[in-house]
Structures are given as C-alpha cells and as structure tokens.
Amino acid sequence: MEDDENTHQLSICRAARSIKRRDNTLYNALRSIYDDSVLVGEIFQLWPDLPLLANLRCGLWYSPTFHATCYFKSTDGHNNNWSFNTSRLNLHVAQLAGQKGGCFIVDATRRGKRFPDSMSKTIPIWACVLNRSIHNHRERMRQIALGEPSACNEHSVDTRQMPVDWDCSLHLPLWVSGTERASIEKRLEEWTQQLDASGADISSLASCLKKPLRPLWVSQKTVIWLNEVPDHESWDFTPIILVSASSPSGIVQRRTSSEFSWNYIPGAGDDEESWARGLTPSLFWNRAYDIINAGPEMCNQMVADIVEKDRVSRARRGQDAPQVTVKAPNLVPRPDHCLNNDESQLATDIANININQNSSDEDSDISWLGSTNLAVGTSQNAGISKVDCILNCDKESISADPKAYLHLPMLTSKFDRFSLLNNLPSAVNFAKLNISQGKTLLICCDNGEDISVCVCLAILTALFDDEGTFDGGNFFSETCITKLEMRRRLITVCKYVVNARPSRGNLKQVFNFLSCGRAGSTNMST
C-alpha cells in the first residue's frame, strides 16, 4: 500500500514536471521576452539621453541594444543575507551615470514578484554605500584643505553625520519591511568602511558624480503620466532607473495573437542554459521578427538553423565555435515534430558587453588593463585579437602561433577545486617570460568573466608592484599578500574588465597560490 502511494506521488511529480516543460517551450520564452521588451523600449524613450544597461545575464535578453552591462546579484539582497560585495563593485555603472546624468538598469524576475531582490535591495545598498564613501572622501578633502590633521585618519569621519547637500540615506522600495530596513541600516557603516579600505578609486568617482545616486523603480504596474514626465536634470539626485521587464502575475497567462497562442513566462530570460538551445540575445534580436512570426511549430527549427549558421560563420573567421548539442526531454513527443522539444544542454557565447550587438569582429570582448600589456577576453575572439601572445584557459584549444601560445585548460571550482591552483605557476611563468620582453598578453577563457579574470589577478599580483609596473615579482617576493591586498588588486582588474564575475571558489585558489608563496617559487624559463 505504501509503495502504491509513493508510486502515485512520483507520477504526480513527473506529470507536473512534464507540464512545466511544455509551458516553458522555446517559443513561449522568446515570445514572452519579445512582449516584455516593449516596456523597456517605452521607458527608455521617456529619457533617451540616459544609457541603457543590462543586469547580467537575464536582463541582456530584453532589448536589442545596450550601452553596457552590469552584475548585481539577487543573493546579495536576500533577507538576512545582505551584502556589499567588493568583488562586484560595478563602479563603471556609477561613473556612466555620473557622466550622463543617470542610467537605466534592466532585469526581470520569475512569477509572483514585481522586482528581483537585486533591484529591491542589492542596488539600493550599493548606491547608498557609494554615496557614503563619496561623502567620506569629500569630507577628508575639505579637512585637508583646512589643514586639519584628523584628515590623515581614513575612518575618522562618521558617515552618519550627513551633510544637507549630499544624500547618504538608504532608499528602499515601500514593500521592504521596516524591520528589514533597520537591519540593513545597521550594517551600512561597516560596508562603507570596507569600501573605503578596499583601494577603489573613489576620488575619480567623486569628481564624476555631481549628485548622489538614488534608485527609482519601474515595472509593468507602474503608472507614468506622459504629460508630466520630469527632466532628469531637474532632480537633485542621479537617477538609477530600475526597470523590471516582466509581469508579476502569479498565475499562468495564456495569451493569443491573430495567428498564435502561447503561455506567458515571467522572467523568461533567466537560466538560459535550460531553454535557449545555443541562441544568444544578439542572435535573437538580429532575427527576432522572423522567429516570433514563425510561430510555435517552426520556432525550434528556425533557431537551430540560426545557431548553426552562426557557428559555421565563426568557425570560418577562426573563432572558437563548438557544436551545440541537445538532449531529448522525457516527454511524450508529438508525431509531427518529435525532435523540436529538445532542451539545451550547452549554451554558448554568453555575449559579454554587447555595446553594439551588430558587431562581432572588433575587439569589443577584449579588455586591456591600462598600460600593463595585459588583456582579458574570450577564447572565441582570441584568434582575431591583435596581441603578441595568448594564454588560453579554455577547455578547447585554438589556432595560434605555437611560439606565442600556451594552452592551460582549467575547470571552474565547481568541477575541480584545484584546477587553477595547479596551473597558475605555469601561467605566471609564461606571462613573466613574455611581458619581460615587452610583449602584450591576452588571457582568455570561454566567457572572459571568471577563470581568465582570476588568472589575470594572479599574474598582476605576482609580477607587478602596487603601482601597476612590471617588476618580475620583486614586490611580490617582499610582500605578504593578504586578502585585503588581493581584493585591492581585484578591484583594479574589475575597473577595466567591467563584465568580470569571478567565482568565490576560483578566487580562493588564487589566494592560496599567492599566500603560500607558490608564485614566488616559480622560475622563469630561459
């Protein structure tokens, strides 16, 4: 009897998963994204002078063009898990907002919520901490100008003593409870001191921002009177307009056009590996009209053709172009297109910056670290990059001059906890050999966001002094590398590689490598 009940429960779960898979088809996802993008376009037209940013990776699907991208994690805003992460400072967002007078950030969320936690709490915390740090900096500069000796103490100014002309208060949406607000406010001073001590370039940020940052929230439920839209320059703050593209409905919406019907999916752009079948935002928007008008029956085949044509095109240009593979889901197939409900096992080409999604041959995915001769990028573009030598950390090798190329395949910490640690000595040696000869070095991985950033961090710390000058490791050999010092170097890397998203496990391997002196013990090959 008990076995029958367990079997019955398993059958119900299996049926529920099958229904969910049928609802979350490729056409349903793309059509939902297409419909939600209308809101993004309409809001952008209200203040067309402000730059449009996508919060990676979900937000990248909701507009054909973005000026830049950013990375604010929802987990940093989860209740009782609030965080200000110095490895994800997103200072380029504040600088861009200061230069242009504000900016938009686009994201979406799953069913039942108007805004993701990244918009409800992570970004408001980020804006508040930056405002307080800028206030600290300006107060120190004022004290120096007055000749006050207390200005030498980095934390002598209590940021809770806010000036009337610079708003340092925490601005949260109304739906965040007073209890949660109070808990967050208790930690603001601690986060501000962490930022002040991190070595981030607050000085340039303070000179760029004329008004304090402040978030505003716009969703499908927001009412805006078109005859009363204010000029953003009239506000006494720099607006960070947070656009949540999805409808917050908690029920399944069946929508119908003159030709097709589909199930609306809130936050459809999230978790693209599970549904996109190798399609990227740039590929989608290049053919969006054709894909949407193809309808549910032809969508899968059209997307497969688009992805394959792009793969062949990139292969002909010498870029990395892996074959996209799919596996069949455990569903009862329909006879007329039994192969068209496959789900994606591999999503390629994450489309890092997408400042211009119509261009792919230029070095838009290559980020140079000032005058260090170091660059970080994707392995897909390594073959066409204009560099002297390449350090490839991707699993797949690429075509390059063997004398100026080193392939060190590395796995992220989720799959191998020691992959970076074991390969970093060879990586530093290769970098030392080439940079000492004045050559430029590209460090690349599959997405240019994680492993290559961590390897670059190790090289920058092991071979350059604190001014960013190559010294072959002299500064490193005489310095005890602390987590604070490594965090400062990481902030320097992220200043130039604005799409950097290093994982905690990979950063831990870099710190173990540096703190154990393994970099100092490596010998340059001659």
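The legends below describe close-up views of a predicted model.

View 1. Arg-417 belongs to the loop that runs between β13 (405-407) and α10 (419-435). With a relative accessible area of 61%, Arg-417 counts as exposed, because exposed residues are those over 50%.

**View 2. The aromatic pair of Phe-44 and Phe-104.** In the model the count of aromatic pairs comes to 12. In the pair of Phe-44 and Phe-104, the ring centres are 5.8 Å apart and the planes stand at 65 degrees, so the pair is edge-to-face, since planes over 60 degrees apart are classed in that way. Phe-44 is part of helix α2 (residues 26-46), while Phe-104 is part of strand β3 (residues 103-107), and the pair therefore ties together parts that are 60 residues apart in sequence. Phe-44 and Phe-104 are both buried.

**View 3. The aromatic pair of Phe-72 and Trp-126.** This pair is also edge-to-face, with 5.0 Å from centre to centre and 75 degrees between the planes. Phe-72 sits in the loop between β2 (68-70) and α3 (91-100), whereas Trp-126 sits in helix α4 (residues 117-146), and the pair links these distant parts of the chain, 54 residues apart. Both Phe-72 and Trp-126 are buried.

**View 4. An aromatic cluster that includes Tyr-34.**

Notes. Residues numbered from 1 in each chain as written. Predicted model: local features only at pLDDT ≥ 70, side-chain atom pairs only at ≥ 80, totals over all residues. Heavy atoms only, no water. Helix = DSSP H or I, 4+ residues; strand = E, 2+ residues; numbered from the N terminus. Buried < 20%, exposed > 50% of the residue type's maximum accessible area, 1.4 Å probe, protein only. Phe/Tyr/Trp six-rings, centres within 6.5 Å; stacked < 30°, edge-to-face > 60°.
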